Protein chains: 2
Amino acid sequence: MTDHPLPSWRNGPARTAILDFVARVTAENGPDHVPQPERIAVFDNDGTLWCEQPYQVQVFFLTDRVRELAAKDPALAARQPFKAFLEGDHATLHALGKQGIQELFFATHAGMTEDEFAVLARDWLARAKHPKLGRTFPQLTYQPQLELLDFLRANGFKIFVASGGGMDLIRAFSEDTYGIPPEQIIGSSMKLRFEAGDAGVSIVKLGELNSFDDREEKVVNIGLHIGRRPIFCFGNSDGDLAMLRYTLAGKGARLGLLLHHDDAEREFAYDRDFPLSPLVEALEKADAYGITVVSMQNAWSTVFPDAAAP
Amino acid sequence: MTDHPLPSWRNGPARTAILDFVARVTAENGPDHVPQPERIAVFDNDGTLWCEQPYQVQVFFLTDRVRELAAKDPALAARQPFKAFLEGDHATLHALGKQGIQELFFATHAGMTEDEFAVLARDWLARAKHPKLGRTFPQLTYQPQLELLDFLRANGFKIFVASGGGMDLIRAFSEDTYGIPPEQIIGSSMKLRFEAGDAGVSIVKLGELNSFDDREEKVVNIGLHIGRRPIFCFGNSDGDLAMLRYTLAGKGARLGLLLHHDDAEREFAYDRDFPLSPLVEALEKADAYGITVVSMQNAWSTVFPDAAAP
């Protein structure tokens with residue numbers, strides 16, 4: 001624990017809530033002491049640890065992958081849903097519905113081994129840039145959150161990500177960027193198959209959804225992957241409300257935080273108007289459920305790391 | 001690292017293979033060095049970390065649970081598959097097939113919250129005793145394996161269990177007995193549901209199979225839960241062959257071990273004749289796949305911890 005933990009967090013209610021909570025659960029003989037192995041923290045990813053505007057990083061990845069596939073295979077480019085997607089034809093895409101969207105995901109995220117996907121994803125994450133902010137996506141993680149992850153780890157917390165985004169994309173950068181190893185990443189996933197043959201022994205990603213890790217499903221997957229109730233949870237949308245409630249309903253000291261993107265100047269300002277991941281109910285019920293709302297504008301003195309940072 | 005790691009392992013090929021492997025992957029500037037976060041070890045549970053004879057601990061648990069349920073509800077005791085199970089009527093049970101077995105599991109392992117199941121399981125594990133060996137089941141873990149877990153951890157390994165047994169039963173004792181936290185236990189599981197209401201906010205175990213974590217499925221679940229290839233794997237049956245192959249097929253230094261129960265005097269002697277989890281193919285192909293076979297009789301100077309141990 002440094003003398004000045006959380007330097008990018010302004011003095012105020014959110015920072016105080018975090019410091020008080022960590023002090024309470026780590027005080028050896030205090031009434032709220034939590035043994036180290038039970039100090040489980042869960043963070044949402046998109047919009048909580050990194051920028052999700054104008055849409056989630058996964059969508060940028062999908063877009064670039066569709067373009068690459070289309071460049072290699074003109075027949076694919078002429079076929080739906082790829083044609084509509086490439087032409088930005090929202091009406092046709094909407095008409096193709098959920099099945100069209102899934103087909104885009106399967107074509108770009110499946111039909112290869114886990115190892116092959118990891119290579120693709122790492123390569124893309126190293127070079128793709130945000131269209132407006134001009135940085136790579138791992139450079140669009142939030143500096144205050146990187147400090148918070150370090151602070152929690154220094155105080156014996158084990159940190160998990162529980163994301164609606166694809167687990168394998170996050171696993172491709174989480175260790176380098178967040179210091180969180182792949183086995184602590186929970187997210188949406190494809191069904192997998194073991195394959196052993198002349199090409200080697202590997203795990204293949206299939207074109208079939210295994211889990212869409214959002215809302216109640218986040219809690220179900222916390223049960224599957226972690227097997228105990230977190231004591232700390234940080235989210236930013238209604239998709240995180242179930243896991244915030246699950247965290248806060250346990251016995252003993254708990255902290256649930258909800259990031260409110262109200263900073264149009266330094267990042268983006270949005271909540272109910274972001275159709276891909278709205279924030280309405282969680283904000284309305286924050287008080288009732290004991291959730292601490294974090295105003296980005298007020299709570300953070302810095303949003304992104306120095307541009308020079310990796 | 002102690003001066004005498006693995007005191008219950010006799011000097012011989014298995015102990016040498018373990019010591020050599022760990023020395024190679026931890027040698028900072030050696031050609032086989034593996035960075036600490038990639039030192040992932042996976043152990044099977046039944047028959048690898050603890051005794052699985054005359055049948056797996058899960059079956060003892062299920063039996064006691066069926067008896068408890070029958071004592072509370074005579075109507076259940078009169079109904080199939082419970083009646084046949086309680087009467088030891090194998091012919092009828094066999095005729096009821098997979099569905100009958102699943103119904104027994106669902107009735108005894110589901111329809112309650114994760115927290116309620118954990119209380120039940122901990123209570124049972126503290127008092128139930130092995131009919132022949134007279135110890136509680138956690139006291140039937142193998143002393144040489146407890147030493148091996150400690151030795152691997154001391155050398156920077158992160159250890160996972162990948163078991164065909166129910167994940168939640170293992171999670172109820174793994175931290176105390178193996179020093180392995182619940183989030184590093186992978187096993188068979190029921191589907192789960194998030195429930196929020198007057199009774200609280202919790203995860204409920206449903207009467208529907210989510211994953212039977214055996215054979216190829218062990219590798220699939222390693223992909224889901226860990227997201228990288230282990231470098232060390234220890235099993236004891238054909239159910240572990242896929243994950244042994246997956247481990248050994250990676251690049252760099254690898255170690256795959258297969259425990260052969262050939263010790264009728266101190267434990268049990270069995271392989272192809274154990275119908276619940278036979279060992280045939282893995283033993284036959286051990287050489288071809290580079291698997292090191294561990295003869296319990298030869299490799300271990302002690303099998304169980306001192307009876308006085310917890």
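Start at a charged pair: select B:Arg228 and A:Glu175, whose side chains meet in a salt bridge with 3.0 Å from N to O. That term covers a side-chain nitrogen of Lys or Arg within 4 Å of a carboxyl oxygen of Asp or Glu. Across the interface of chain B and chain A, the rule finds eight salt bridges.

Before moving on, some housekeeping: this is a predicted model, in which local features need pLDDT of at least 70, side-chain atom pairs count only at pLDDT 80 or more, and totals for chains, interfaces and linings use all residues. Residues are numbered from 1 along each chain as its sequence is written, chains are lettered from A and ligands numbered from 1 in the order in which they are written, and side-chain values use heavy atoms, with hydrogens and water left out.

**Stop two: the interface**

Now show both chains. Here 36 residues of chain B are in contact with 36 residues of chain A, contact meaning heavy atoms within 4.5 Å. The area buried between the two chains is about 3,000 Å², with carbon and sulfur atoms giving 57% of it. Buried area is the accessible area (1.4 Å probe) that two parts lose on being put together, summed over both. Next, highlight B:Glu183, B:Phe194 and B:Leu224: they supply 23% of the area that chain B buries against chain A, more than any other three residues.

Polar contacts are there too, with 18 residue pairs across the interface of chain B and chain A (both at pLDDT 80 or more). Such a contact is a pair of N or O atoms within 3.5 Å; within protein, one must be able to donate a hydrogen and the other to accept it, and residues adjacent in sequence count only if both atoms are side-chain atoms. Which element gives the largest share of the side of chain B that touches chain A? Select α10(B), which gives six residues.

**Stop three: the axis**

A rotation of 180° with 0.0 Å of shift along its axis superposes chain B on chain A, at RMSD 0.0 Å. That is the relation of a two-fold axis. To find the axis, pick B:His225, whose C-alpha comes closest to it among the residues of chain B, at 3.2 Å. The copies meet through the same surface, because 100% of the interface residues of chain B are also interface residues in chain A.

**Stop four: the sheet of chain A**

Colour the strands of chain A and follow the open sheet of eight, ordered β2-β5-β4-β3-β1-β6-β7-β8, with mixed pairing. Helices (H or I, at least four residues) and strands (E, at least two) are DSSP runs, numbered from the N terminus, and two strands pair if DSSP finds at least two bridges between them. At the edges are β2 (112–113) and β8 (292–295) of chain A, each pairing on one side only. Two bridges join β2(A) to β5(A) (200–211), and these run antiparallel. Zoom in on A:Thr113, which stands opposite A:Val204 in β5(A).

Then bring in a helix from the partner: α10 (216–225) of chain B packs on this sheet, touching β4 (185–197) and β5 of chain A, its direction making about 145° with that of β4(A). Axes are lines fitted to C-alpha atoms, for helices over the stretch in contact, and angles run from 0 to 180 degrees between N-to-C directions.

**Last stop: inside chain B**

Select β1(B) (40–43): four bridges join this strand to β3(B), and the two run parallel. B:Ile40 stands opposite B:Lys158 in β3(B). Finish with α11(B), which lies across β1, β3, β6 (232–235) and β7 (255–260) of chain B, running at about 155° to β7(B).

Terms used:
Least-squares fit on C-alpha atoms with pLDDT ≥ 70 in both.
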